[in-house]
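Keep the picture open while you go through the points.

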Amino acid sequence: MKISVIGITHGHIYGQVRCLLDAGTTFVSWHAYEHEATLTKAFGDAFPQAMRVNSEVQILEDTSVRMIVTST
């Protein structure tokens, strides 16, 4: 099952994603809002397999994504 993330404000997003990866999901994409700019490098480094996208709409319109996780 493919998952994506929209919003990375709170650190618990790391645990959410890791738990889902451990359960066998595939993390494919993520979006961070402008106010989360200082968090994007660390998040991208932690999950290099997922592509950062420019808009949450790209994730919402991706019909292959079965679950969206957020911490905004």
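1. Start with a word that comes up a lot: a residue is buried if its relative accessible area is under 20%, exposed if over 50%, and partly exposed in between, using a 1.4 Å probe and protein chains only. Buried residues make up 36% of the 72 residues in the protein. Keep in mind that this is a predicted model, where local features need pLDDT of at least 70 and side-chain atom pairs count only at pLDDT 80 or more, while totals for chains, interfaces and linings use all residues. Residues are numbered from 1 along each chain as its sequence is written, and side-chain values use heavy atoms, with hydrogens and water left out.

2. Now the overall layout. The protein has three helices and four strands, where helices (H or I, at least four residues) and strands (E, at least two) are DSSP runs numbered from the N terminus. Reading from the N terminus, the elements go β-α-β-α-β-α-β. The radius of gyration is 11 Å, close to the 11 Å that the globule rule gives for 72 residues, so the protein is as compact as a globular protein of that length. (That radius is taken over C-alpha atoms, and the rule is 2.2 Å times the number of residues to the power 0.38.) Along the principal axes, the C-alpha atoms fill a box of roughly 30 × 25 × 20 Å.

3. Next, the sheet. In which order do the four strands of the open sheet come? The order is β3-β2-β1-β4, with parallel pairing. Two strands pair if DSSP finds at least two bridges between them. At the edges sit β3 (51-52) and β4 (65-69), each of which pairs on one side only. As background, strands of a sheet pair through backbone hydrogen bonds, either parallel or antiparallel.

4. Let's go through the pairs. β1 and β2 are joined in the parallel sense over five bridges: Lys2 stands opposite Thr26 in β2, Ile3 faces Phe27, and Ile6 faces His31. On the β4 side, four bridges join β1 to β4, again running parallel, and Ile3 has Met67 as its bridge partner there. β1 is largely enclosed by the rest of the structure, because four of its five residues are buried.

5. The remaining pair is β2 with β3, parallel and joined by two bridges. Trp30 has Arg52 as its bridge partner in β3. To get from β2 to β3 the chain passes through helix α2 (residues 40-46), and this β-α-β crossover is right-handed. Right-handed means that, with the strands pointing away from you, the path from the first strand over the helix to the second runs clockwise. β1, α1 and β2 also make a right-handed β-α-β unit.

6. What fills the inside? The largest nonpolar core has 13 residues, and those with the most contacts inside it include Val5, Ile8, Ile13, Val17, Phe27, Trp30 and Phe43. Such a core is a set of buried Ala, Val, Leu, Ile, Met, Phe, Trp, Tyr and Cys residues joined through side-chain atoms within 4.5 Å. β1 (2-6), α1 (12-22) and β2 (26-31) each supply at least two residues of this core, and α1 gives the largest share, three residues. In soluble globular proteins, nonpolar side chains tend to be buried together.

7. Take Ile8 as a worked example. Leaving aside neighbours within four places in sequence, Ile8 is in contact (heavy atoms within 4.5 Å) with residues including Ile13, Trp30, Leu39, Phe43 and Thr72. Across the protein, 72% of the contacts between residues at least 6 apart in sequence join residues at least 24 apart.

8. Beyond residues up to four places away in sequence, Thr26 touches Met1, Lys2 and Ile3. Ile68, in strand β4, is also partly exposed, at 38%. Ile68 and Lys2 are 66 residues apart in sequence, yet 9.0 Å apart in space, C-alpha to C-alpha.
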